[in-house]
Amino acid sequence: MALFKRRTEGKPGEWYYCLKHGTVEEGPQCRAADRFGPYATREEASHAMETARERNEEWRDDPRWNDNDSDNGGSGGPERKG
């Protein structure tokens, strides 16, 4: 029995953005914790950081995640019930 699993082989047409190296990769070349993806195209993967930034802004402005009133402590997350 092998002690370590082999890294998943990359699939043609799956693109990733490596956070560690700041590069676009075809197939998963770096570990999952260091990458965004998969993306359908190289172009889409090259804009991964911009896409993440835009989504973060949308979430930051979403009233479902932005509960700044003092009723629930202003935790910045969704109100928990239970």
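1. Basis. The model is predicted: local features need pLDDT of at least 70, side-chain atom pairs count only at pLDDT 80 or more, and totals for chains, interfaces and linings use all residues. Residues are numbered from 1 along each chain as its sequence is written, and side-chain values use heavy atoms, with hydrogens and water left out.

2. Fold. The protein has 2 helices and 3 strands, in the order β-β-β-α-α from the N terminus. Helices (H or I, at least four residues) and strands (E, at least two) are DSSP runs, numbered from the N terminus. Of the 82 residues, 18% are buried (under 20% relative accessible area; exposed is over 50%, partly exposed in between; 1.4 Å probe, protein chains only).

3. Strands S1 (residues 15-18) and S2 (residues 23-26) run antiparallel and are joined by 4 bridges; two strands pair if DSSP finds at least two bridges between them. Cys18 has Thr23 in S2 as its bridge partner. The hairpin has 4 residues between its strands, and Gly22 in the turn has a positive phi of about 70°.

4. Cis peptide. The bond between Gly37 and Pro38 is cis, with omega about 10°. Pro38 belongs to strand S3 (residues 35-39). Most peptide bonds are trans.

5. Charge. Glu50, Glu54, Glu58 and Asp61 form a surface patch of negative charge. Glu54 lies in helix H2 (residues 48-61) and is partly exposed, at 44% relative accessible area.

Definitions and conventions: Patch = residues over 30% accessible without salt bridge, like charges linked within 9 Å, V, L, I, M, F, W, Y side chains within 5 Å. Areas by Shrake-Rupley, 256 points an atom, 1.4 Å probe, with all protein chains shown as cover. Salt bridge = Lys/Arg side-chain N within 4 Å of Asp/Glu carboxyl O. Lys, Arg positive; Asp, Glu negative; His and termini not counted. Charge placed at Lys NZ, Arg CZ, Asp CG, Glu CD.
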